[in-house]
Amino acid sequence: MSVQKVKACLILCAAVLLCGCGQALSEREIVRAVFFAQQQGQYSVCLLLADQNGGEDGVHYKTASARGATPAQALHRTEDTLPGQLYYGLLDLAALPPDSDWQTAQALGTLLYDKAQPAPELSVFVLDDAAHSWAQDAANLYEDMKAVEQEYALHCGLQQLFTQADGCAVPGYRTDSGYDFYLLAKDAPARRVSGLPAQLAAVLCGQADYFFSAYHDGQALCRSEVNVTVEDTAVQLHLRDCTLQSLADADDDLQGFLCAELQHAFAALTNDAKADFFHLQFWHWHENLYGVGREVPAPTLAVVFE
């Protein structure tokens, strides 16, 4: 067989694989987001899909939804309402129910792994507890969550639900501004934090590297790039290009108030933690640092302005 024929065969095979066994991508149902909700003992699933017949003036979406006794059943029923073959390869957002615990996150994460592979940059949020109409709200929820990711340099990937055996951490969607943060321990109730503590938790979890938050009872605003270094149990929070703005007329010690609130939030986040959300217990395995049987010191935080 000539080289030209071999190249032609390879190109044809690649085209068939990319199009899904001969079916053009334009003829398939392209899933962009999956939303889960739980009401009265049943699960509701909404698929946000690209509407390829919506015209050329911008991006258009359509939705499909159904209910079921389990998330898998609800998702299967939702898929059955669509005429075409579903394509999950461009899925880049999943929203968990607002009352999610660790067990729910694990079950839904596993279900998404089975469906979404090989989705490249799938992001995970916890949905807010407002009553949503999927047909009316799904597209706006998707756009809002992607905007929050971009504005706050935030990303929780699907794989981060499984990186620890005793818990996981997921950002939560808010309808106003910013984001909440959920700490889901395996053997404890879910914990939600908001405002500056939520952004500190996201940074400590490695899901964000930026602060953009009000503090000091809403009288000041902080914008800063953030980096974290850890030595033993000492955590250093490095704030770079930090801008502190007073939202009131008073000439307050904005840096002092910020440090105090960060210290308070850090103590609350790490005190009696039910899971090692922030990977600080890595050092606890090295008994030679402290001696066998000796109590490991509590983690400390130092805020460094650079």
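I looked up Asp 176 first. Asp 176 is exposed, with a relative accessible area of 54%. My classes are buried under 20% relative accessible area, exposed over 50% and partly exposed in between, using a 1.4 Å probe on protein chains only. Arg 174 is partly exposed at 27%. The side chains of Arg 174 and Asp 176 form a salt bridge, N to O 2.9 Å. I call it a salt bridge when a side-chain nitrogen of Lys or Arg is within 4 Å of a carboxyl oxygen of Asp or Glu. I then noted one network, in which salt bridges with shared partners join Arg 32, Asp 92, Lys 146 and Glu 149.

**Ground rules**

This is a predicted model, where local features need pLDDT of at least 70, side-chain atom pairs count only at pLDDT 80 or more, and totals for chains, interfaces and linings use all residues. Residues are numbered from 1 along each chain as its sequence is written, and side-chain values use heavy atoms, leaving out hydrogens and water.

**Confidence**

I checked pLDDT, the predictor's confidence in each residue from 0 to 100. The chain mean is 86, and 82% of residues reach 70 or more. Over residues 3–22 pLDDT stays under 50. For that stretch the model has eight contacts beyond four places in sequence. A contact means heavy atoms within 4.5 Å.

**Glu 29 and Lys 62**

How many salt bridges does the rule give? I get nine. One of them pairs Glu 29 with Lys 62, the closest N and O atoms being 2.9 Å apart. The pair links distant parts of the chain, 33 residues apart: Glu 29 is in strand β1 (residues 29–39) and Lys 62 in strand β3 (residues 61–68). Helices (H or I, at least four residues) and strands (E, at least two) are DSSP runs, numbered from the N terminus. Is Glu 29 buried or exposed? Glu 29 is buried, at 7% relative accessible area. Lys 62 is partly exposed at 29%. I also listed what Glu 29 touches, leaving out residues up to four places away in sequence. Besides Lys 62, the list includes Leu 49, Leu 82, Pro 83 and Tyr 87.

**α2 against α3**

Next I took Glu 79 and Lys 115, whose side chains meet in a salt bridge at 3.2 Å, N to O. Glu 79 lies in helix α2 (residues 71–80) and Lys 115 in helix α3 (residues 102–116), so the pair ties together parts 36 residues apart in sequence. Glu 79 is buried at 13%, while Lys 115 is partly exposed at 30%.

I then looked at the helix axes. They are lines fitted to C-alpha atoms, for helices over the stretch in contact, with angles from 0 to 180 degrees between N-to-C directions. The axes of α2 and α3 come within 10 Å and cross at roughly 35°. From α2, Pro 71, Ala 72, Leu 75 and Glu 79 make the contact; from α3, Leu 108, Leu 111 and Lys 115.

**Helix α5**

Last entry. Eight of the 10 residues of α5 (residues 195–204) are buried, so the helix is largely enclosed by the rest of the structure. Among the buried ones I noted Leu 196, Gln 199 and Val 203. What covers the buried residues? The cover includes β8 (179–185), β10 (210–215), β12 (234–246) and α6 (254–270). Just after α5, Gly 206 takes a positive phi of about 80°.
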